[in-house]
Amino acid sequence: MKRIFLLSLLFIAFIQVIQAQAVAEISFVTEKYNFGEIEEGPKVTHDFKFINTGEAPLLLTNVKASCGCTTPSWPKEPILPGEEGIILVTYNTAKRPGSFNKSITITSNSATPTKVIYINGEVKAAPEEETMPIKQPLMMAPSN
């Protein structure tokens, strides 16, 4: 009886050790994306695809962009081992002509808990509108 009890305790301890070693691992298809030349004004987006190559569920606890012009969106539910997910990154080009290089920091329960992905590109300035000046009446003009 004692022997069965000891064996079951050893088996439970063994299972717990195996489960403790199981860890999530985030692997991206690409970690950098270049938008190239884009027009000023609209928002542009890119999907960063990733897979959980680990053996435990992956949970993204925070995804933060380097500035307010870049907005990330990510799955809030756990990504099971072997499953894929997407981090959608949106860059607002309005009033931001010139080149840009932004980083997005991902915090998770992965074996590598912090990962950084990047976007870059060149925003072409929108052409300025040409308008006719409005002719104002002269204050000192002689009246007829």
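Two strands count as paired if DSSP finds at least two bridges between them. Helices (H or I, at least four residues) and strands (E, at least two) are DSSP runs, numbered from the N terminus. This is a predicted model, so local features need pLDDT of at least 70 and side-chain atom pairs count only at pLDDT 80 or more, while totals for chains, interfaces and linings use all residues. Residues are numbered from 1 along each chain as its sequence is written, and side-chain values use heavy atoms, with hydrogens and water left out.

The sheet, then. Four strands form an open sheet in the order β2-β8-β7-β4, and the pairing is mixed. β2 (32-39) and β4 (60-65) are the edge strands; each has a single partner, so one side of each has no neighbour in the sheet. On average, neighbouring strands here are turned by 20° against each other, direction ignored, with axes taken as lines fitted to C-alpha atoms, for helices over the stretch in contact, and angles running from 0 to 180 degrees between N-to-C directions.

β4 pairs with β7 (residues 98-108) in the antiparallel sense, over five bridges. Leu60 stands opposite Ser108 in β7.

Next, the cysteines. A disulfide here is a pair of cysteine sulfur atoms within 2.5 Å, and the count by this rule is one. The pair is Cys67 and Cys69, with sulfur atoms 2.5 Å apart. The angle about the S-S bond is -50°, and the link of Cys67 and Cys69 is left-handed.

How exposed or buried is Cys69? Buried means under 20% relative accessible area, exposed over 50%, and partly exposed in between, with a 1.4 Å probe and protein chains only. Cys69 is buried at 6%, and Cys67 is partly exposed at 24%.
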